[in-house]
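The sequence and the model are shown below.

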Amino acid sequence: MTVRIINKSSNALPEYATALAAGMDVRADNPEAIVIEPLGRAIVPTGLFLEIPAGYEVQVRPRSGLAARSGLTVLNSPGTIDADYRGELKVILVNLSSEPFEVKRGERIAQIVLARHERIEWEPTDELSASDRGEGGFGSTGTK
């Protein structure tokens, strides 16, 4: 799959770290450091602009190492970049730790995954077919 990209940052293009990786790390492209206070959030630019093919989205996800080590995660995870968006890819980060976190230019802040999606057509109805689960919600399936 080929995706057109404009890179206005000084960072290399995102790439897969291993042969079987699903996501590519994206790096911050902020002119000066951004300090995210505990429980604070920031929108961090990447300098990347994508032309995503129709029928696909790019999902923005947290980096597990950054979350585990520093408590930094993507706030609206997974974030969705739609195929018709042509603006800069920006990442909403939140600091869930008790210490300020400094985002430096070039730092790996998130990962992106290209994902196919379907569009649905609604079929209004007055009833739904039965299932074993029924209306059981949060925690209703338990562990077996």
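This is a predicted model: local features need pLDDT of at least 70, side-chain atom pairs count only at pLDDT 80 or more; totals for chains, interfaces and linings use all residues.

The structure contains four salt bridges. One of them joins Arg 4 to Glu 51, with the closest N and O atoms 3.6 Å apart. This pair connects distant parts of the chain, 47 residues apart: Arg 4 belongs to strand 1 (residues 4-7) and Glu 51 to strand 4 (residues 41-51). Arg 4 is exposed, at a relative accessible area of 58%, whereas Glu 51 is partly exposed, at 34%.

Asp 25, Arg 63 and Arg 108 are linked in a network of salt bridges. The side chains of Arg 63 and Asp 25 meet at 3.4 Å, N to O. Arg 63 lies in the loop between strand 5 (56-61) and helix 1 (64-70), while Asp 25 lies in strand 2 (residues 24-27), so this pair ties together parts that are 38 residues apart in sequence. In the salt bridge between Arg 108 and Asp 25, the closest N and O atoms are 2.9 Å apart. Because Arg 108 is in strand 10 (residues 108-116) and Asp 25 in strand 2, the pair ties together parts that are 83 residues apart in sequence.

| Residue | Relative accessible area | Class |
|---|---|---|
| Asp 25 | 21% | partly exposed |
| Arg 63 | 11% | buried |
| Arg 108 | 34% | partly exposed |

Arg 63 counts as buried because its relative accessible area of 11% falls under the 20% cut-off.

Key
Residues are numbered from 1 along each chain as its sequence is written. Side-chain values use heavy atoms; hydrogens and water are left out. Helices (H or I, at least four residues) and strands (E, at least two) are DSSP runs, numbered from the N terminus. Buried means under 20% relative accessible area, exposed over 50%, partly exposed in between (1.4 Å probe, protein chains only).
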